[in-house]
Amino acid sequence: MDSNSIHRTVLPNGLTVLVQEDRSAPVVAIVTYVKAGYFDETDEENGLSHALEHMYFKGTGKRGVGDIAKETKASGGYLNAQTIYDTTAYYTVLPSSGFPKGLEIQADAYTNSVIDAGELAKEMEVIIQEAKRKSDNPSAVATETLFELLHDAHRMRRWRIGREPGLRGFTRDLMNGFYRNFYRPGNTILSISGDVDHADALGHAKELYGDLKSGDPVRHPGPSEPKHDDFRYRELAGDIAQSQLVIGWRTPGTLDPDTAVLDLAASVLATGRASRLYRAVREKKLASSITAYNYTPTEQGVFVVHAETEPENTAEAE
């Protein structure tokens, strides 16, 4: 991708608008990045940013429950979203002919989500079931257990989408407060990529978002991680077909000079058939899969090696 093809504009209210013209196909993607995620939740709010993601498209003052999805689908598009430690992202992909309508729908959801108390109560049951399914996923349990082991104080140690007792305590007021605090123009990036004219797309963005009030969100940073370099180990047993072997280290954050080196190290270790761990573990049939990655959300990261093995091969694979 040619970085010169990306046009960056910061509106007076602080909203960052990125527009990339790509005429290779008659489609356009609209992505709204809000700089708020699991790291921004207090312990009382653990899982709230993910729950808000579920409620975001549930209705506005002029669109009822289900209307946002229906209107987007009628324009030939689809919606989705994701939440992680430092961001929540909402996106739609649709034919470029539907871009003005699609952007208007996205702006309405960003600005006017109702977060109806009755709908929230129903959606929380869906989210609680999702949390329960995740606790039955061996890979997810192994990875999140590793993050818990690596951290004594930092919020990265918490189960990402929350646990049932805390989730049941969420109220409309609590979620609306989080939404109104963090979903501000200066804390948001609107990214538009596809078969659009830069000036036209920017004009639509200014019209729909330009009058929103600026303002900085109030953040309550969690505790930093104290220094410790001890070896930690945990073994979990269960009725699963393959063992999950996960090894990890704490690493610096996104902008540290060593981060790029660690990213490269992960590729050398486990990307492709010529990588070190593929040859040492996969080719010897000690594991059915092997991956490595350096994950760096904002201020700190984790370097992870993850293998799926037959139980009798776990020790040798390790």
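Mentor: The dialogue below takes up strands, cores, helices, a pocket and some single residues in turn. The model is predicted, so local features need pLDDT of at least 70 and side-chain atom pairs count only at pLDDT 80 or more, while totals for chains, interfaces and linings use all residues. Residues are numbered from 1 along each chain as its sequence is written, and side-chain values use heavy atoms, with hydrogens and water left out.

Trainee: How are strands paired, and which strands pair with strand 3?

Mentor: Helices (H or I, at least four residues) and strands (E, at least two) are DSSP runs, numbered from the N terminus. Two strands pair if DSSP finds at least two bridges between them. Here strand 3 pairs with strand 5 (residues 88-95) in the antiparallel sense over eight bridges. Strand 3 also pairs with strand 6 (residues 188-194), again antiparallel, over seven bridges. Tyr 33 shows both pairings: it stands opposite Ala 89 in strand 5, and its bridge partner in strand 6 is Ile 189.

Trainee: How many residues lie between strand 4 and strand 5 in their hairpin?

Mentor: Four residues lie between them. Strand 4 (residues 78-83) and strand 5 are antiparallel, with six bridges; Tyr 78, for instance, has Val 93 in strand 5 as its bridge partner.

Trainee: What is the strand order in the open sheet of three strands?

Mentor: The order is 7-9-8, with antiparallel pairing. Strand 7 (243-252) and strand 8 (289-295) are the edge strands, each pairing on one side only. From one strand to the next, the twist averages 10°; for such angles, axes are lines fitted to C-alpha atoms, for helices over the stretch in contact, and angles run from 0 to 180 degrees between N-to-C directions. Strand 7 is joined to strand 9 (residues 300-309) by 10 bridges, and Gly 248 has Val 304 in strand 9 as its bridge partner.

Trainee: Which helices lie across these strands?

Mentor: Helix 5 (residues 138-150) lies across strand 7, strand 8 and strand 9, at about 35° to strand 7.

Trainee: What is a nonpolar core, and how many residues does the largest one have?

Mentor: A nonpolar core is a set of buried Ala, Val, Leu, Ile, Met, Phe, Trp, Tyr and Cys residues joined through side-chain atoms within 4.5 Å. Buried means under 20% relative accessible area, exposed over 50%, and partly exposed in between (1.4 Å probe, protein chains only). The largest core here has 59 residues, and Tyr 183 and Ile 192 have the most contacts inside it. Helix 3 (residues 99-112) gives the most to this core, with six residues. Apart from it lies another core, of 13 residues, including Leu 245 and Ala 270.

Trainee: What does Ile 192 touch?

Mentor: Contact means heavy atoms within 4.5 Å. Not counting residues up to four places away in sequence, Ile 192 touches several residues, among them Leu 18, Val 28, Phe 99 and Leu 103.

Trainee: Against which elements do the buried residues of helix 7 pack?

Mentor: They pack against strand 3 (27-34), helix 1 (48-55), helix 3 and helix 4 (117-135). The buried residues of helix 7 (residues 172-182) include Leu 174, Phe 178 and Phe 182.

Trainee: How is a pocket found, and how many residues line the largest pocket?

Mentor: Rolling a probe the size of a water molecule over the atoms shows where empty space is left. On a 1 Å grid over the protein atoms alone, with a 1.4 Å probe, a pocket is an open set of points with protein on both sides within 12 Å along at least five of seven lines; lining residues have an atom within 4 Å of a point. Grid points are joined across faces, edges and corners, and a volume is the space filled by probe spheres set on the points. The largest pocket holds about 1100 Å³ of space. It is lined by 36 residues, with Tyr 233, Arg 234, Gln 244, Leu 245 and Val 246 nearest its centre. Strand 7 supplies the largest share of the lining, eight residues.

Trainee: Is Arg 158 buried or exposed?

Mentor: Arg 158 counts as buried because its relative accessibility is 13%. Its place is in the loop between helix 5 and helix 6 (164-167), and its contacts include Glu 41, Asp 43 and Glu 144.
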